[in-house]
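Dear colleague,

Please find below the structure I promised to pass on, together with its sequence. My notes on what I found follow it.

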Amino acid sequence: MMKRSVLFLLAAFLVLSSVVCLTGCAKRSSATTLKEKVVAMIDCDVAQDTEGAYALLYPGVMDFETYRTTAEQIYEYFPVTAGYTCQMQAWNATNTIGAHAAKTYEGRYKVEFDEKTFYILVTWRSDKNGSGFTGFQILNEADWLASQK
């Protein structure tokens with residue numbers, strides 16, 4: 001009898017461990033996917049590929065002409081060059097259920113190039129209407145430090 005109890009507890013522990021492991025792996029995968037999207041957007045900024053960057057936005061966030069004007073401001077404020085580094089500093093995922101089911105991923109990244117440091121705060125949304133960035137805020141180091149006070 002004791003042997004069966006121990007085996008049952010061991011089996012339950014293994015099942016629970018597997019669930020935790022799979023959940024953790026899924027979260028890591030989502031974090032990696034978000035970073036890949038952030039890097040894709042930064043690569044568009046390096047190439048000044050306005051159309052490519054616009055394609056990474058969530059459908060309907062803004063029209064293309066508005067984004068074109070915004071992109072020019074981004075290129076001036078964030079003169080990123082090839083060879084930059086991008087380090088994830090924070091990441092979070094939220095799932096909404098019901099009629100408006102969606103997955104939302106948020107992240108903070110530190111980007112360095114040419115002895116400059118920038119911080120990027122992003123929100124990526126995925127739902128039945130599509131997926132893309134709903135937020136992509138870029139702050140130079142001085143602006144980032146000021147926002148933390």
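Helix α3 (residues 64-77) has 14 residues, and its first and last C-alpha atoms lie 20 Å apart, close to the 20 Å expected at 1.5 Å a residue, the expected span being 1.5 Å times one less than the number of residues. Helices here are DSSP runs of H or I of at least four residues, and strands are runs of E of at least two, numbered from the N terminus. This is a predicted model, in which local features need pLDDT of at least 70 and side-chain atom pairs count only at pLDDT 80 or more, while totals for chains, interfaces and linings use all residues. Residues are numbered from 1 along each chain as its sequence is written, and side-chain values use heavy atoms, with hydrogens and water left out.

Within α3, the residues Y67, A71, I74 and Y75 are buried, where buried means under 20% relative accessible area, exposed over 50%, and partly exposed in between (1.4 Å probe, protein chains only). Seen down the axis of α3, its buried residues fall within an arc of 95°, so they line one face of the helix; the arc is that of the directions from the helix axis to the C-beta atoms. Q73 and E76, on the other side of α3, are exposed. At the start of the helix, a side-chain oxygen of D63 comes to within 3.1 Å of the backbone nitrogen of E65.

The sheet is open and has four strands in the order β1-β2-β3-β4, with antiparallel pairing; two strands count as paired if DSSP finds at least two bridges between them. Its edge strands are β1 (85-96) and β4, each of which pairs on one side only. β1 pairs with β2 (residues 102-113) over 11 bridges, and N92 stands opposite E106 in β2. Between β3 and β4 (residues 130-140), which run antiparallel, there are 10 bridges, I120 having I138 in β4 as its bridge partner, and a hairpin through two residues joins β3 to β4.

Leaving aside residues up to four places away in sequence, T117 touches K110, V111, E112, N140 and E141, contact meaning heavy atoms within 4.5 Å.

Definitions and conventions:
Polar contact = N/O pair within 3.5 Å; in protein donor to acceptor, adjacent residues only side chain to side chain.
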